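Me: I have a model open and I'd like to go through it with you. Could you take my questions one at a time and end each reply on what I asked for?

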Amino acid sequence: MSSKSNFKNVKGTRDILPLESIRWQRVENVVRKKMEQYNFQEIRFPTFEYTDLFRKSTGESTDIVRKEMFTFADMGGRSLALKPEGTPSVVRMFLQYGFFTKGILQKFYYIERMFRQERPQKGRYREFRQFGAEVIGSSSAETDVELVKSAFDIFNELDIKGVELNINSIGCPKCRKNFIKELKGFLKGKLVSLCEDCRRRYDENPMRILDCKEDKGKIKGAPVPSDFLCDDCRAHFEEFENRLDFFNIKFNIENRLVRGLDYYTKTVFEFVNANLGSQNEVGGGGRYDELIKFMGGEDTPASGYAVGIDRLMLLLPEKEEKLGVDVYLVTFDEESDLEGGKILASLRQEGFSCDKDPMKRSVKAQFREADRQNAKWVIIIGENERKRGIVQLKNMNKGEQKEIPMEADKIVKELKC
Ligand SMILES: [Zn+2]
Ligand SMILES: [Zn+2]
């Protein structure tokens, strides 16, 4: 059916229609179940925050903050931004509500919409959905593994195959200093040939040049963070690897993986899937031991990740998704319709999904609708049934029809067996 209306959803946003939303629910239900099995607590946060939150935490030099944020001014002239990622809001909430108690872990998860002004393409939207988890208060590599494992549990439960894990360590501020010095030395002579972004990054955040797809070929042989790790960072990374091994989680060490955000320290990781083509990243995360202090809190280690649900949907195996209602009512006259409506009300109380025609249409039309709704059962009531105090209960899968007393509890008993 086409419409004459010129209204369309905004480019880069998406509408999720009834059958598609059954698939989304499947994913969201698995995310909630798995996160709760790991004892992550759900948090929800606003759609927009003060822009400064992202400038400070995500980082002034990142693509997200420089190019991709939707910002606008409120009536008082303060700059607000639609949230482009979850971690800054999680950290803000952690600080704002005084979650910090020394030695106590906070384990959060979220399912939220994010917004970035990127060029829309397959699997990339300007409004997109992510789930994520953050553990605040643990410096242990075991926590990083737990996070990775929770994501793989979700992929597995959803029967999503072929997700690969890339890992790296980008060190701590202490060991990074030496690395950055070496890297800048290596890049100095090449700077004129690098892309505009990288020339800027050279001063602001040179490590990110390793990530540049455009300049990949020009920086072959560049020093990488893992060559400069201090003893503490090296041991942390080894423990991360060993524990991944212990859980039989396969990984690739990707020594140029640095992730696009300023706040990462030590462990970084990403989930990729070759079936997604050039936008092959499903999600990723890492450790951000310095961020909470940097945002004005106590010195608190933390680690987290996020996964793009829109990308995941592209990998989710097809199942036959159907509209479905447990019981559909078909009646022959108005009084039966009233009686039947009462029965449906009781069945809903018992947890059955029920529906009926509200427009007094013909019996034939009512049956057609029962079919369209894939009703498992149809309750049929006419004058004859009313006089005898029964209903006809039709099992649509088996095609069998039975007479049942016109009492909700008797009908429920029949539906449950
Ligand atoms: Zn270090
Ligand atoms: Zn570049």
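**Metal sites and a sheet**

Me: What is the relative accessible area of Cys 198?
Reply: Cys 198 counts as buried; buried is under 20% relative accessible area, exposed is over 50%, and partly exposed is in between (1.4 Å probe, protein chains only). Bear in mind that this is a predicted model, where local features need pLDDT of at least 70, side-chain atom pairs count only at pLDDT 80 or more, and totals for chains, interfaces and linings use all residues, while side-chain values use heavy atoms, without hydrogens or water. Residues are numbered from 1 along each chain as its sequence is written, with chains lettered from A and ligands numbered from 1 in the order in which they are written. For Cys 198, the value is 0%.

Me: Which residues hold the zinc ion (ligand 2)?
Reply: Donors here are N, O and S atoms within 2.8 Å of the metal (3.2 Å for Na, K and Ca), and sites may look incomplete because water is not among the atoms. The protein donors of this zinc lie 2.1 to 2.2 Å from the ion, and they follow the spacing C-x2-C-x13-C-x2-D. They are Cys 195, Cys 198, Cys 212 and Asp 215.

Me: What arrangement do the four donor atoms around the zinc ion (ligand 2) make?
Reply: Four donors count as tetrahedral if all angles lie between 85 and 135 degrees; four are square planar and six octahedral if opposite donors are over 155 degrees apart and all others between 65 and 115, and anything else is irregular. Around ligand 2 the angles are 98 to 119°, so the arrangement is tetrahedral.

Me: How many residues apart in sequence are the parts tied together by Cys 198 and Asp 215?
Reply: Helices (H or I, at least four residues) and strands (E, at least two) are DSSP runs, numbered from the N terminus. Cys 198 sits in helix α7 (residues 196-204) and Asp 215 in the loop between α7 and α8 (231-246). Asp 215 is buried too, at 0%. The pair therefore links parts whose separation in sequence, in residues, is 17.

Me: And how many for Cys 175 and Cys 230?
Reply: Both belong to the zinc ion (ligand 1), along with Cys 172 and Cys 233, at 2.2 to 2.4 Å. Cys 175 (4%) is buried, and so is Cys 230 (14%). Since Cys 175 is in helix α6 (residues 173-188) and Cys 230 in the loop between α7 and α8, they join parts whose separation in residues is 55.

Me: Which residue of β14 is the bridge partner of Thr 331?
Reply: β12 and β14 run parallel over five bridges. Across in β14, the partner of Thr 331 is Ile 381.

Me: Which residue in β13 does Tyr 328 stand opposite?
Reply: Three bridges join β12 to β13 in the parallel sense. Tyr 328 faces Asp 355.

Key: Pairing = 2+ DSSP bridges.
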